[in-house]
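Let's take a friendly walk through a protein chain. Have a look at the picture first, and then we will go through it step by step.

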Amino acid sequence: MNAVPQNTSPLLPIAMLAELTYRCPLACPYCSNPLSMSGRSSELPTEIWVDVFRQAAELGILHLHLSGGEPASRRDLEELVSAAGEHGLYSNLITSGVGLTEQRLGELKRRGLDHVQLSIQGVDHATADKFSGYKNSLARKLAVAEWVARLDIPLTLNAVMHRQNLDRLEDTIELAVQLGARRLEVATVQFHGWAEQNRGALMPTREQVRQAGEIVRAARERLRGILVIDYVPADYYARFPKACMGGWGATSMNVAPDGAVLPCHAAHTIPGLVFENVQERSLRDIWEASQSFNAFRGNEWMQEPCRSCERKHVDFGGCRCQAMALAGDARATDPACSLSPLHLDLVAAAERDAASQETELVYRKLTSPA
Ligand code: SF4
Ligand code: FES
């Protein structure tokens with residue numbers, strides 16, 4: 001075992017994902033939101049979000065991602081953007097584009113919005129409609145991208161890729177260039193939340209994943225200085241897992257619409273964790289001392305083979321939520337790792353799902369009225 005210091009005392013967080021609402025006009029079948037979601041009545045009011053942003057800035061957070069659901073569903077989005085700016089936070093609106101107009105975007109910019117991250121579900125109308133569960137979604141997104149460009153707000157395009165759209169990856173990259181995006185996030189679908197319900201319809205084949213890696217490599221080369229491509233590869237066919245969240249409780253936190261603070265978007269799937277609420281405890285206390293944030297800091301919690309593996313400071317044993325889902329134990333080595341005793345089972349299951357003829361989708365929905 002080497003002597004690299006352990007991350008047992010919390011580092012300063014860099015980013016906060018503020019999930020302002022679970023309401024969303026789209027119904028993407030790979031949404032990472034929980035399967036059980038509540039509507040408007042349980043959302044934090046404006047003044048509490050504003051105070052959360054103040055606390056976030058005091059804690060050292062720099063990047064505030066305004067997300068959901070669809071954050072534009074909140075009528076107070078303008079006030080929240082102003083508050084982010086007043087507290088010196090760099091604000092990034094993660095949006096489907098639905099609920100925005102050019103005028104509203106202009107107002108958000110005037111109030112200090114720094115960046116827009118626009119999701120795209122497909123590069124042709126039929127695919128975009130199918131994977132957003134929303135009619136004419138592509139036309140709407142193209143219009144929003146045009147407004148963002150006219151207002152000179154930096155744009156990132158965000159594309160979740162899966163078996164039914166990976167063959168259009170080159171076109172997706174081309175569209176990002178045409179729309180003037182500075183960055184494209186190509187994220188191969190991760191099987192948390194609603195995606196888990198749709199494994200048979202979404203799981204890419206090994207060959208698609210191999211080709212995607214090549215396409216991204218070539219495009220990065222070709223588009224240097226024009227478009228930055230962030231690529232989240234499919235870890236189920238990889239040798240080692242991804243360093244999920246940059247380590248548990250190490251760099252960022254999620255605040256759910258009701259004020260619960262989580263170390264990652266799927267942490268609620270791990271039994272036994274207690275998520276404290278910003279309405280009852282300060283953000284600093286939750287970050288530094290709460291049971292859930294401390295559950296997987298450092299590496300004392302690790303089991304073999306992670307415990308004696310030199311990569312434990314690189315990938316932190318992979319994803320805790322994936323370990324829970326696939327190994328039934330959040331302390332286990334992420335089965336995406338080739339050293340996990342469950343890895344071959346994971347690969348076999350991925351290949352089985354990738355060979356499935358399933359095309360029907362289970363769409364995301366709220367469990368209580370908005
Ligand atoms: Fe990472 Fe654990 Fe696999 Fe080592 S055994 S590579 S630490 S997941
Ligand atoms: Fe929770 Fe990876 S999604 S640790």
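## Contacts and overall form

Two residues are in contact if their C-beta atoms, placed from the backbone, lie within 7 Å. Among the chain's contacts with a separation of 6 or more, 74% are between residues 24 or more positions apart.

This is a predicted model, where local features need pLDDT of at least 70, side-chain atom pairs count only at pLDDT 80 or more, and totals for chains, interfaces and linings use all residues. Residues are numbered from 1 along each chain as its sequence is written, while chains are lettered from A and ligands numbered from 1 in the order in which they are written.

The C-alpha trace spans about 55 × 50 × 45 Å along its principal axes. Of the 370 residues, 45% are buried (20 or more other C-beta atoms within 10 Å of a residue's own, C-beta atoms being placed from the backbone).

## The sheet

The chain has 13 helices and nine strands; these are DSSP runs, with helices (H or I) of at least four residues and strands (E) of at least two, numbered from the N terminus.

Strand β6 (residues 183-188) runs parallel to β7, joined to it by five bridges. In β7, D230 is the bridge partner of E185.

Definitions and conventions. Pairing = 2+ DSSP bridges. Buried ≥ 20, exposed ≤ 12 C-beta atoms within 10 Å, placed from the backbone.
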